Amino acid sequence: MKVKVGVNGYGTIGKRVAYAVMRQKDMRLMGVTKTKPDFEAYRAKELGIPVYAASEEFLPRFEKAGFEVAGTLGDLLEEVDVVIDATPGGMGAKNRPLYEKAGVKAVFEGGEKASTAEVSFVAQANYEKALGRDYVRVVSCNTTGLTRTLNAIKDYIDYAYAVMIRRAADPDDSRRGPVNAIKPTVEVPSHHGPDVQTVIPVNIETTAFVVPTTLMHVHSVMVELKEPLTREDVIDIFEDTTRVLLFEKERGFESTAQLIEFARDLHREWNNLYEIAVWKESISVKGNRLFYIQAVHQESDVVPENVDAIRAMFEMAGKWESIKKTNKSLGILK
Ligand SMILES: NC(=O)C1=CN([C@@H]2O[C@H](COP(=O)(O)OP(=O)(O)OC[C@H]3O[C@@H](n4cnc5c(N)ncnc54)[C@H](O)[C@@H]3O)[C@@H](O)[C@H]2O)C=CC1
Ligand SMILES: O=C(OP(=O)(O)O)[C@H](O)COP(=O)(O)O
């Protein structure tokens, strides 16, 4: 049986998840929604993806452009078992009643509040919690990145502190620029720490700053350890952790620029770097304090989580079976 999937909101995250769904043998992409007939709508059509208007109010835009849609969101919901809601943050909560009415399961994204879904999800941390659920939220890109590495060492954590250096906008986003400032999130903690706690029970505080870059986010993490760990232990643990890769400055990975170039060299679609990139040299232990620095490719790290969330919701595979399938299909290195 193939699970029938629709994507509502075909933007940065939606189009990458649609691509990932098309690569799964146990899933079928039934269509995506668009609000207007822009180049992304035409490209989707070229790829053979049925394009639906996000609601009836948008139909005149398509009619005016002579772009034939397959119907509206309501029609797409009749075709699918599950919808990926990758609409702008906050809209998913408003859409949930539509999905309930249609009897369709839904995966929400990190721009939604935890209360929008039954479970907040990072596959390697809490896959089992999503088994059989109807509404699951894949947490934000930063929260996913923090959760992946902290979950690997969670038994050793007394308290974690992380400073999030957030990219100002995605590369295709000209609405938020030009930017030339550092913008702190003055509410402390930033949403990331409490959000990590919706997935794993760790003590954590976070602060966050937006900086003028589009490539990636960077996190500086400090952990007070309750059990001793050496630097070598941490390296071994991260080397054994799926969707986390170690990169060395010594090999030329001096900044996020080279990490993105690495993804380009792999010929990854949209230079996606699904894995969290930890700088090996940054891992250090001083007494009971562990430090490390990692980078998060905001446009893609949550993509495999969406695929695994679907498998969990339909109980199609156990945790490691799903993670392995997803990793293989997307060329995730480990
Ligand atoms: N871009 C990022 O770095 C990440 C974003 N997220 C989350 O993913 C979600 C989507 O974010 P992005 O993909 O970045 O946004 P985006 O702005 O790139 O894409 C959203 C898409 O939804 C469409 N849309 C607008 N109104 C709509 C409506 N009424 N019905 C259907 N579609 C509509 C937009 O035209 C656009 O194509 C948000 O919850 C965000 O917080 C999560 C991880 C990373
Ligand atoms: O949604 C996201 O970015 P955006 O809301 O700045 O477009 C990314 O997931 C980063 O969000 P976060 O910094 O809230 O984890």
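What follows is a set of questions and answers on this predicted model.

Reader: Why is R243 called buried?

Author: Buried means under 20% relative accessible area. R243 has 0% relative accessibility, so R243 counts as buried.

Reader: Why is W270 called partly exposed?

Author: The class runs between the cut-offs of 20% and 50%. W270 has 33% relative accessibility and therefore counts as partly exposed.

Reader: What makes the phi of R243 and of W270 worth a note?

Author: Most residues other than glycine have a negative phi. R243 has a positive phi, near 60 degrees, and W270 has a positive phi near 50 degrees. R243 is in the loop between α9 (231-239) and β12 (244-247). W270 is in the loop between α10 (256-265) and β13 (276-279).

Reader: How do you know that the bond between V188 and P189 is cis?

Author: The omega of that bond is about 0 degrees, and the peptide bond is cis. Most peptide bonds are trans. P189 is in the loop between β9 (183-184) and α8 (192-197).

Reader: What makes helix α11 mostly covered?

Author: For α11 (residues 303-313), 11 of 11 residues are buried. Among them are V303, E305, D308, R311 and M313.

Reader: Which residues line the second largest pocket, and how is the lining divided by class?

Author: A lining residue has an atom within 4 Å of a point of the pocket. Y10, K15, Y19, M22, F39, E40, R43, L47 and W270 line the second largest pocket. By class, 6 are nonpolar, none is polar and 3 are charged. Helices α1 (12-22) and α2 (39-46) each supply at least two residues of this lining. The space in the pocket is about 220 Å³.

Reader: How do you know that R166, H191 and C141 make polar contacts with ligand 2?

Author: A polar contact is a pair of N or O atoms within 3.5 Å. A polar backbone atom of C141 is 3.3 Å from an oxygen atom of ligand 2. For R166, a polar side-chain atom lies 2.6 Å from a ligand 2 oxygen, and for H191 the value is 2.4 Å, again from a polar side-chain atom to an oxygen. Each pair therefore meets the cut-off. The protein covers 71% of the 380 Å² of accessible area that ligand 2 has on its own.

Reader: What classes of residue make up the shell around ligand 2?

Author: The shell divides into 1 nonpolar, 5 polar and 3 charged residues.

Notes: Residues numbered from 1 in each chain as written. Chains lettered and ligands numbered in written order. Predicted model: local features only at pLDDT ≥ 70, side-chain atom pairs only at ≥ 80, totals over all residues. Heavy atoms only, no water. 1 Å grid on protein atoms, 1.4 Å probe; cavity = no way out; pocket = protein on both sides within 12 Å on 5 of 7 lines; lining within 4 Å. Points joined across faces, edges and corners; volume = space filled by probe spheres on them. Helix = DSSP H or I, 4+ residues; strand = E, 2+ residues; numbered from the N terminus. Nonpolar A, V, L, I, M, F, W, Y, C, P; charged D, E, K, R; others polar. Buried < 20%, exposed > 50% of the residue type's maximum accessible area, 1.4 Å probe, protein only. Polar contact = N/O pair within 3.5 Å; in protein donor to acceptor, adjacent residues only side chain to side chain. Areas by Shrake-Rupley, 256 points an atom, 1.4 Å probe, with all protein chains shown as cover.
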